[in-house]
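Dear colleague,

Please find below the structure that I am handing over to you. A summary of the findings follows it.

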Amino acid sequence: MRAPLSRRTLLKGLSFAGSRALLPLPPLAAMFNAAGTAYAAENAKRETRFVLWFNGNGIVEKYWIPNETGRDYTMTPCLAPLASFRDQMHVVTGLDNPAARMPGPGNDHHRSMSALMTGTQFTGRGAGGPSIDQAVAAKIGGETRFRSLQIGVSQESFGESVQRNMSWANYDRPLPPEMLPHKLFDRLFGQREIGWVNRKRSVIDAIREDAKALQGNLGTEDQKRLTEHLDSIRDVERSIASMPPQYYKVDEPEYDGDMKDWPRIAKLQSDLLAHAFATRQTRVASYMLTKCQGLTRFPWLGLTAARHHDYTHRDGKAPGMDTLDGQRIMRDICKWHVEEFAYLLGKLRSIPEGDGTLLDRTALLFVHEHAEANDHKNNGLSVILAGFHGNLATGLHTRTTGTVADLYLTVADDVMGAGIGKFPTAERKLSDLVRRQATPETV
Amino acid sequence: MNFVRDVWPHLEKADCKGCHNNDGVASTTRLQFPEAEATAEERELFGDSLRRFVDTADPAKSMLVLKPTNKIGHAGGRRIQPGSEAETALVNWVKQLNATKPLARHEERKTHAAHEKPVLRRLTHSQYDNTVRDLLGDISRPSRNFPPEDFIDGFKNQFEGQSISPLLAESYGEAASRLASTAKLPKSPNFAESFGKRAFRRPLTALEKTRYQALFAKGGPEAVVEAMLQSPAFLYRPETALKAENKPYVRASRLSYLLWDTMPDETLIAAAEKGELNTPEGFEKQARRMLADPKAALALDEFVSQWMRFDRVVTMVKDRRFYPNFTREMAVAMTEETRRFVADLVWGNRNFLEFFTSGDTFINGDLATLYNMKAPSDDFSRVSYPAESGRGGIISHATFLALTSKPSETSPTARGLFVREQFLCQNVPQPPPGVNTNLPPQNEEKPMTNRERLQMHLTNPSCATCHNLIDPIGLGLEKFDGVGAWREQLTMRIANFDRRREQRTVSVPIDNRGWVAGIQGSEFQTPSELGAALAKTPQCQECLVKQYFRYAMGRRETPADRPVIARVLADFRGSQFRFQELMIAVVKWTEFGVHADRN
């Protein structure tokens, strides 16, 4: 057991210091453990990591998708914030999402979301199976403090399960994102003392006994739910059994401040995610910037008349009108999404690990439930693939066929070597497109 | 000719049962398809029952053929093409029915006890907060730090949404450890047993006593509280008793979590222990006692706030150039109006159908301005609408009118859908995948009313089948704008929003004739007329029962629940629609079953 962390120790340079001026991160300061040796050197085996990044509603294709394919594509206005990551990313467009079109309950957003995350049909309540991040976590999440993290930012939503959640443990079983930075901080870096841990353990033992006693008397449906509860308790137990390594001095985000200032929250969450990776507390995360069919407001973009979903349908492409305004608004919104994604990439790239950076060993996928937002278009999706130096073919825009699940499977197995084997609606791997090396490094 | 083999597949393909089912938009018609799980035999019986739609004198004029082909008016439009194989199959089936005698087994239409019903219900967030308030005196509402509950099937307390994710388990853990450390706990040696009985809402088992006494010895009362607040025995409550000896306690919890949204009080537990809850009479007596308690009003508020989606009302966004007076405070006032209005009907023991028809409401200054009325001297005190206002009942509340509108305009479609789904309990099929659901935009030269723009729905056959059931409802409310204020004309802003400085406005007259397809004589032009049409519709009355049933049971009704629903509706109607009687009837008949009362 390591010594307890103090919550109030300071890491200069983290942007969640509230009113404090931002200071640059001292070179490598964060990367040293108590003994002064580089953290990464403690463990020669380098970890692979996976991030599924989502924002709601879709894109405006003409401002988002590059005209040219291949290496010499021109960055579009929406992608511009990623300019400095050009060699560390791959824009893949034209992917299908076939499960979104299976007849069944739900509106286009519900159906597309379930299909996008899980490759399965919307059940009328939630997604029809485990999401791709959970499929990956099942393979590579076993040894870390958290099997996976679900992180969210904007909470503005119509409120239904499939709209509010992107990660799914199983059929109709959402894994809600943590949307409050100070709570995420507490999970990752909160103070833990030996006495607390011991008490927590005996408490959990009692809960587990109670659950087992109850289980015997139940029907299968309830048993299943209780088993899931027990699994959740096991996850809690795992997180308290292993403390975060004493490596980081992370400042606690402040409770006050504008908790609807989404750009600020997004950056706090990205910082914490990067630290969670750096401290090896998890290897898999989903990041829900805005909700499916989201209703986010964008005052910092000067857009106060309506909400995200309203804008997507505000005559964006209507003939005979000043069509450009609606599309320009969507362009600015999409650009903000990409900006926040770029912030996370930058954060990961700023943290050295071994002879590279965290970004080099993290595969990130950036997806939306729709392609052209105004049309609810659910084929021809555009995805950004980033990170994973070495295995991933980067610096490219590729227009392809195949499904978004094909891409997931390729990234999980051929790029990261996670070995998930299959995923619903994945029929063929797109290895030729996205993989740089013939054989992935071992996980 | 075999119905299941030769006819059924055509009807499946035409998706007749998308509307012709108990929860469908055609639930008011005589044709109801069997459940999805129906056996071949039941389908065969159903096929035979279609002889009701056969014209024996002139088979060619049978509704069974004329309706789905839209040769006579069919609200669902043309589902089967004239001259198609499907039509031939129907014509042949009509002939066969006409030539045969009805099957003897007819009336025995079985209902399926749908898939096994789960019995464990997790405390909702609001129940958790109320329970720790009553258990430990903590009024901090710890669920503010839990991952929010999702809406499923219109409510936040449905079984299907009640899994415990790792994040929720962690949140329970944090809350439990905080509550355990801040509560004042006696160190008495029988703490585990006495606290346990209140936390688990039943006496502890022998094993539990041993377990928690050991924990007490190790960690004191704090450890016991911390563990119990995370135990499934606390977090879940069984809907029906898993062990016979717990039955009275389970009943006590059912009553208290439905009627009070919190744990049972001492009186209720005492009644359980004395066996008073074992009879419908004793059970009802407790229920009535509980309804007289102020906690019942808070519990009802929770139901109303979910049913009427207050969460969406208070987070609405309105374009301030169209609705300059709209503020967040006004949105909150809207929900307060509806909350007080319902509370008055329920606790004042009024006929609950006034929910749709009442000429009275409860407003503050903001809402008085919005409604163009004189402000009452006390905020949210009772006022009467001016007769000429056309207002009456929930349909005229800003809650409803604004909630179902877009940021800068009304949405007749959303208003129609809300009425169908929330007040008639009819599921309207979703638009088919990939359909462009955008309306034609406003055109500077020739501005259109919403009625004109929505014409697109009615001229496109794939839209029309559903939209002619939905849109006309909302079109009748077009003289109420996107925040619920009266307007004589539709004033449109011809320009895109946000960027352009110059705005041009155009006004066009509004045709506010509306109707509810499927309800005879429902033509209306005002909210109060629509309300009156709804109030006297059996589907609407039954829907009030269904909505409370869903909330009470944490699930949708199944065919097996129909006898209970019918019985509750009979009680409700018999009481002249007193909502308290509806609450009593739901809790009583779901607990004891209608067979108890059959003779």
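In chain A, the centres of domain 1 and domain 2, taken over C-alpha atoms, are 31 Å apart. Domain 1 of chain A covers 45-190 + 250-434 and domain 2 covers 192-243, with bounds from an automatic or database domain assignment. Five residues of domain 1 of chain A and six residues of domain 2 of chain A form the contact between them; two residues are in contact if their C-beta atoms, placed from the backbone, lie within 7 Å.

This is a predicted model: local features need pLDDT of at least 70, side-chain atom pairs count only at pLDDT 80 or more, and totals for chains, interfaces and linings use all residues. Residues are numbered from 1 along each chain as its sequence is written, while chains are lettered from A and ligands numbered from 1 in the order in which they are written.

Between the chains, chain A contributes 64 residues to the contact and chain B contributes 53. On the side of chain A that touches chain B, α8(A) supplies the largest share, 11 residues. Helices (H or I, at least four residues) and strands (E, at least two) are DSSP runs, numbered from the N terminus.

Within chain A, strand β3 (residues 149-152) is covered on both faces: L149(A) and I151(A) on one side, and Q150(A) and G152(A) on the other, are all buried, that is, 20 or more other C-beta atoms, placed from the backbone, lie within 10 Å of their own. β3(A) runs parallel to strand β6 (residues 284-288) of chain A, and four bridges join them. In this pairing (at least two DSSP bridges between two strands), G152(A) is opposite M288(A) of β6(A).

Yours sincerely

Conventions. Buried ≥ 20, exposed ≤ 12 C-beta atoms within 10 Å, placed from the backbone.
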